[in-house]
Amino acid sequence: MKRKKANEGEFAKLEVPMQKRAVEKICRKYCVDISGLIIKIQRDPTWLKSDFCGMADPKQIGRIDLTPNAFENKQELIKTIIHEGVHVKQYRKYGSDYVQRNRKHMEEVAYRYEKIACKILGVI
């Protein structure tokens, strides 16, 4: 079977292939555990116009959607996975309603954790 090794079309400028195996490889490289997470790659090119790189699903707790912007480079991808992984933990611990009502604080916590984790892992 011949597999694509690079992104094509509107996604050609993205450094990381928009494939689950690429996500898994980068997570292994940085020792980021994604077991217990469902990774969904959004391949709609309209996401390229947004600032979003990913989102944790408040209804299907454990699912992280990665938008094309997350695949800009390895650093952006790992930062997004770490950040959204924090939200998954928040949903599991506090429940979706509480996290949504306290979204500002939850975002602050996720960004703080992302920054610390990336520094420790040598991502930035």
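How much space lies in the second largest pocket? I looked this up and found about 300 Å³.

**Ground rules**

I am working with a predicted model, where local features need pLDDT of at least 70, side-chain atom pairs count only at pLDDT 80 or more, and totals for chains, interfaces and linings use all residues. Residues are numbered from 1 along each chain as its sequence is written, and side-chain values use heavy atoms, with hydrogens and water left out.

**Second largest pocket**

I noted that 16 residues line the second largest pocket, and that V32, D33, G85, K89 and Y113 are the closest to its centre. A pocket here is an open set of points on a 1 Å grid over the protein atoms alone, where a 1.4 Å probe fits, with protein on both sides within 12 Å along at least five of seven lines; lining residues have an atom within 4 Å of a point. A volume is the space filled by probe spheres set on the points, which are joined across faces, edges and corners.

The elements that give two or more residues to this lining are α2 and α4. Helices are DSSP runs of H or I with at least four residues, strands are runs of E with at least two, and both are numbered from the N terminus. I found that α2 gives the most to the lining of the second largest pocket, seven residues. By type, the lining of the second largest pocket has eleven nonpolar, two polar and three charged residues. Ala, Val, Leu, Ile, Met, Phe, Trp, Tyr, Cys and Pro count as nonpolar, Asp, Glu, Lys and Arg as charged, and the others, Gly among them, as polar.

**Largest pocket**

I then turned to the largest pocket, which holds about 480 Å³ of space. Of its 21 lining residues, F52, G54, H83, E84 and E107 are the closest to the centre. Helix α2 supplies the largest share of this lining, seven residues. I sorted the lining of the largest pocket into nine nonpolar, five polar and seven charged residues.

**Helix α1**

In α1 (residues 20-29) I found A22, V23, I26 and C27 buried (under 20% relative accessible area, with a 1.4 Å probe and protein chains only; exposed is over 50%, partly exposed in between). Down the axis of α1, its buried residues fall within an arc of 135°, so they line one face of the helix. The arc is that of the directions from the helix axis to the C-beta atoms. On the other side of α1, K25, R28 and K29 are exposed.
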